[in-house]
Amino acid sequence: MTRQCIERLERPAPEEFHRRFVRMNHPVVITGVADSWKAIKHWSPDYFGSAFADAKVSFTAWESTNLANDPTDYYEKRRRLGTRLGNFIDLMKTEKDFSRNYITQFPVFRDIPLLREDVEPLDEYTRVPAALRSRFTKAPTMWLGPAHTVTPVHFDGADNLLVQIFGRKKLILIPPAQSEKLYYPCLRLGHVHYSPVDVEDPDLEQFPKFRDATLFEVTLEPGEILFIPVRWWHHARSLETAISLNFWWYSMRSLFRMRHPYFVFQKDRVAKKLRSVR
Ligand SMILES: O=C(O)CCC(=O)C(=O)O
């Protein structure tokens, strides 16, 4: 495996960001933009636990006796559970091993609108025209969990700005051109955008092609923004209690790049239907 760092750029001009990274479909870390947000100063599990304890949240719970971060085990066993934010944060502080419980994709500004004023728009970087914004951008979502939570490697159908708000998080990215090394498409996991390879501790006997993969790595600090281009594989691990926010947006470019997964998915659906009528 080859390892590379992801470049950091201090407040790049939006034009430079688009020319060098969005159009080239290449990741970068933007510094000096989000670090002045109120969210960076104020947001923490303690703040949420006292100010918004009653907010309803759903979280991903992965019950497993398998100590490894095996993606197949994760996709088979994970469940979506609901609770109140205050309760989740209490459990996070008191339970001995709570690291397989993770608030993922929480629509924070829909459910706690007051928090919206703690972040600044990133429209000059996403560049979605105002008239198309409601259709081409997804409402930002929040990720909150204790140290060691993992999101196994997968890719998304949109470009993404992942903003680290609290704690540090390590990301490993792998380019779409190397999808074969991640055993894509692996339809048995239920979705084509998942891979069975544990990119932190790969089983090279089972997945020998991964030996030649190139891993782009970065540890995000609070206030840093990682651009994850559409279809880039990414794996995340919180190094400590962490909060992140992500901003997904679509463009003609991202829709074009999702053609292949879409056809793989449709082909599989048709094959399953044909098998069921036989
Ligand atoms: O922060 C995480 O755990 C995963 C984030 C992610 O997968 C995303 O923003 O697409």
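**Note on the predicted model**

1. For 278 residues, a compact globule would have a radius of gyration near 19 Å, and the chain has 19 Å, which agrees; the radius is taken over C-alpha atoms, and the globule rule is 2.2 Å times the number of residues to the power 0.38. Along the principal axes, the C-alpha atoms fill a box of roughly 55 × 45 × 40 Å.

2. The model is predicted: local features need pLDDT of at least 70 and side-chain atom pairs count only at pLDDT 80 or more, while totals for chains, interfaces and linings use all residues. Residues are numbered from 1 along each chain as its sequence is written.

3. The chain holds 10 helices and 14 strands, these being DSSP runs numbered from the N terminus (helices H or I, at least four residues; strands E, at least two). Of the 278 residues, 37% count as buried. A residue is buried if 20 or more other C-beta atoms, placed from the backbone, lie within 10 Å of its own, exposed if 12 or fewer, and partly exposed in between.

4. Among contacts with a separation of 6 or more, 83% come from residues 24 or more positions apart; a contact requires C-beta atoms, placed from the backbone, within 7 Å.

5. The residues around the ligand are Trp143, Thr151, Asp156, Asn160, Leu162, His234, Ala236, Ser244 and Asn246. Strands S9 (159-166), S13 (233-238) and S14 (242-249) are the elements that give two or more residues to this shell. By class, the shell has 3 nonpolar, 5 polar and 1 charged residues (Ala, Val, Leu, Ile, Met, Phe, Trp, Tyr, Cys and Pro count as nonpolar; Asp, Glu, Lys and Arg as charged; the others, Gly among them, as polar).

6. Strand S13 is mostly covered, with 6 of its 6 residues buried. Trp233, His235 and Arg237 point one way from S13, and His234, Ala236 and Ser238 the other way. In a regular strand the side chains alternate between the two faces of the sheet.

7. S13 pairs in the antiparallel sense with strand S8 (residues 150-154) over 3 bridges, pairing being assigned where DSSP finds at least two bridges. In this pair, threonine 151 stands opposite alanine 236. S13 also pairs in the antiparallel sense with strand S10 (residues 169-174), over 6 bridges, where lysine 170 stands opposite arginine 237.

8. Helix H10 (residues 259-277) has 19 residues and should span 27 Å at 1.5 Å a residue; its end C-alpha atoms are 27 Å apart, which agrees (the expected span is 1.5 Å times one less than the number of residues). The number of buried residues in H10 is 0, so the helix lies largely in the open. Serine 276, found in H10, is exposed, with 7 other C-beta atoms within 10 Å.

Definitions and conventions:
Near = placed C-beta within 6 Å. Contact = placed C-beta atoms within 7 Å.
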